[in-house]
Protein chains: 2
Amino acid sequence: MSETYTDSGGTSLAEKAAALDAVDELGKVRAQFVLDDTVYLDGNSLGALPRSVPGRIEDVVRRQWGSLRIRSWDESGWWTAPERIGDRIAPLVGAAPGQIVVGDSTSVNVFKAVVGAVRLAGGGADGGALGGTRDEILVDATTFPTDGYIAASAARLTGCTLRPVAPEEVPDALGGRTAAVLLNHVDYRTGRLHDLPALTAAIREAGAVSVWDLCHSAGALPVGLDEHGVDLAVGCTYKYLNGGPGSPAYLYVRRDHQARFDSPLPGWNSHADPFGMTPDHVPADGALRGRVGTPDILSMLALEAALEVWDDVSIEAVRRKSLALTDFFLECVAEYVPAGALESVTPGAQGERGSQVALRCGDAGGVMRRLIERGVIGDFREPDILRFGFTPLYVGFGDVERAAGVLGGLF
Amino acid sequence: MSETYTDSGGTSLAEKAAALDAVDELGKVRAQFVLDDTVYLDGNSLGALPRSVPGRIEDVVRRQWGSLRIRSWDESGWWTAPERIGDRIAPLVGAAPGQIVVGDSTSVNVFKAVVGAVRLAGGGADGGALGGTRDEILVDATTFPTDGYIAASAARLTGCTLRPVAPEEVPDALGGRTAAVLLNHVDYRTGRLHDLPALTAAIREAGAVSVWDLCHSAGALPVGLDEHGVDLAVGCTYKYLNGGPGSPAYLYVRRDHQARFDSPLPGWNSHADPFGMTPDHVPADGALRGRVGTPDILSMLALEAALEVWDDVSIEAVRRKSLALTDFFLECVAEYVPAGALESVTPGAQGERGSQVALRCGDAGGVMRRLIERGVIGDFREPDILRFGFTPLYVGFGDVERAAGVLGGLF
């Protein structure tokens with residue numbers, strides 16, 4: 001933990017919260033969001049509304065669409081938005097420019113990435129025709145379900161088999177048959193942070209291609225895609241990036257791989273000359289190769305406005321505060337909730353924790369409903385998990401203490 | 001042509017335009033759009049802004065997202081938007097409810113539909129394992145390029161070959177090997193309307209599965225999906241449906257096929273119990289099976305607001321006016337443009353025409369630029385096509401006469 005959030009000692013938790021808020025290096029960022037008197041700990045599902053968004057969207061609708069209309073594809077920068085906004089996300093996940101495009105849902109990007117990974121590895125039925133032998137895809141056995149569903153489809157279509165493996169068992173499961181490995185950086189239920197640098201290195205050593213899902217880490221902690229040699233990555237933008245409901249996801253293709261990246265969704269937006277309207281597909285250079293069809297401009301430009309909040313914020317500062325918030329929440333829960341009523345399924349070690357805390361209890365659905373009635377917004381995940389997300393940009397230590405107090409009052 | 005738009009005879013074209021506008025049964029709809037003093041004949045690329053949209057989007061951003069936040073997935077109907085808005089599009093394309101879902105781009109929906117069609121036909125590599133022999137996909141040789149690119153990817157992934165065929169030659173090309181046929185209802189360049197009823201019947205008789213791309217027909221003319229026995233269809237919503245830049249596309253799966261529709265993009269939104277978070281995918285019943293990931297709510301709800309303009313408008317009335325507008329435009333062009341300067345590549349017969357007119361000329365790019373400078377907005381398509389789209393909801397006969405006059409002045 002940084003100096004900023006160290007314990008001043010010997011005070012009540014409420015006093016401690018106030019002291020931590022007083023020295024919070026991100027405290028001023030909160031004013032850039034629309035908030036109310038609830039404690040919003042569901043930003044890991046849908047981020048709060050940044051104040052920069054409503055005015056931007058009004059301009060996009062009334063002026064860019066309503067007045068400029070078709071001219072906006074050039075004049076308002078609509079056409080180049082996927083790569084421009086990708087470059088804005090890039091520093092938050094440790095990527096140099098030119099490797100990320102925004103568009104489509106996370107599920108669709110998982111499909112591009114997993115099929116693309118099998119092809120990069122020379123695997124699957126296509127690879128077999130070329131003499132390749134890599135015909136297995138490993139997938140995080142604890143993955144958010146859509147990744148597993150889509151990976152199964154990718155396996156079926158590329159002639160591979162799919163094998164679910166717990167992330168920590170991936171090194172032992174890797175072998176000469178492994179084409180691609182799809183992992184979550186942070187587990188959506190438990191909040192566990194997986195060891196991206198070590199797992200990526202192991203996958204690379206085995207000659208396989210890594211695909212990381214950053215949905216629960218991007219915007220919450222440093223990812224270091226370039227530094228750690230990640231091959232492909234995807235993520236959503238409506239959680240810690242606050243892009244709005246269903247805002248478009250993104251795809252990272254490491255620069256070294258771009259010339260060989262072979263998308264299973266080669267729509268006209270990924271063509272080297274999209275308005276040439278030629279019958280054969282000639283893939284564009286670079287990250288553009290990950291584009292598919294016409295981008296959804298309203299959602300995409302809302303995201304672009306939302307990302308402005310990061311102009312003066314470093315992801316390292318966010319991580320410092322995130323760990324302090326989750327540490328403090330666990331401390332308050334231990335103080336306010338009767339022993340034995342709740343069990344944390346989130347790792348206690350900072351290095352194994354994302355920016356959420358998941359607590360297991362009986363009737364978790366009912367407990368969460370009562371929490372929400374009392375102004376503390378988290379969410380419930382089957383079968384017995386209370387999930388609390390901590391967005392350092394707008395959650396304070398006072399919020400955390402209040403949430404734990406309300407939770408304690410329910411037992 | 002209906003009684004409404006018959007020629008009163010013996011007057012100038014300007015007088016005729018005024019007379020036609022005076023009796024225009026859709027004239028009152030124009031006030032529901034944001035327009036200016038240009039003549040906007042590019043609604044076949046990006047529809048004009050309906051007045052219902054800005055206020056709705058402001059509410060979606062400020063109240064639904066900003067205030068209700070995560071609760072809006074239920075309370076604001078976000079979660080069910082894809083099928084609810086699909087049902088609103090359904091009557092415009094002749095579909096009973098429960099067969100259309102909105103979401104993703106047209107390209108992504110083409111992929112779902114073509115792979116799904118091959119599987120419905122028992123074709124491809126999967127089908128081969130089951131004893132099937134259908135291993136060919138036919139695609140419109142004059143298609144908008146993205147359909148061809150995506151169909152090629154679908155063919156590669158399902159172990160089929162792809163054969164481009166002119167739509168009129170499809171009946172002769174069909175055979176025992178044909179798994180699926182992907183056709184455009186209206187050609188994006190020439191504006192030619194293909195014979196959907198006859199071609200669909202021929203495809204069905206051959207035991208193959210039809211996929212129609214309705215991008216340039218939905219909202220411009222009756223499609224009759226149910227009546228004509230179309231198997232699968234896709235379309236965009238930002239042209240004649242005025243949904244806004246990059247608004248989500250849609251997928252139609254005929255009710256008879258839904259139980260066997262096997263999507264290559266089985267994301268968690270298509271699961272029978274999406275919040276059960278089970279590791280195996282169990283597809284939902286009905287149209288929901290065409291959903292993939294989290295829907296892009298801003299773009300989707302802008303589309304929903306835009307569709308309100310159809311509340312009191314029949315697609316038959318739109319078709320009547322559309323044909324009258326394109327007839328009148330060709331008449332005005334014949335009068336105002338020196339003979340031989342332009343050649344129409346749009347069929348003269350009403351039954352073979354969509355809602356656009358494409359004119360071929362030398363330096364078409366330069367001509368279109370000068371037209372736009374003079375307030376007449378169409379678009380240029382390589383190599384030599386001036387393309388003019390006529391949206392009957394907001395284009396009047398006076399607009400048409402003015403556009404032809406300005407065009408004539410350039411030669």
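1. A crossing is called left-handed if the near helix is turned anticlockwise from the far one by less than a right angle, and right-handed if clockwise. Helices (H or I, at least four residues) are DSSP runs, numbered from the N terminus. The model is predicted: local features need pLDDT of at least 70, side-chain atom pairs count only at pLDDT 80 or more, and totals for chains, interfaces and linings use all residues. Residues are numbered from 1 along each chain as its sequence is written, with chains lettered from A and ligands numbered from 1 in the order in which they are written.

2. In chain A, helix H2 (residues 52-68) packs on helix H11 (residues 297-306) at about 145 degrees, the axes being 9 Å apart. Axes are lines fitted to C-alpha atoms over the stretch in contact, and angles run from 0 to 180 degrees between N-to-C directions. The crossing of H2(A) and H11(A) is right-handed.

3. In H2(A), the residues that meet H11(A) include A:Arg56 and A:Ile57; contact requires C-beta atoms, placed from the backbone, within 7 Å.

4. In chain B, the axes of H5 (residues 106-120) and H7 (residues 145-158) come within 9 Å and cross at roughly 40 degrees. H5(B) is therefore oblique to H7(B) (under 35 degrees is roughly parallel, over 145 roughly antiparallel, 65 to 115 roughly perpendicular, the rest oblique). This crossing of H5(B) and H7(B) is also right-handed.

5. Leaving aside neighbours within four places in sequence, A:Ala180 contacts, among others, A:Val114 and A:Ile137.

Terms used. Helix = DSSP H or I, 4+ residues; strand = E, 2+ residues; numbered from the N terminus. Contact = placed C-beta atoms within 7 Å.
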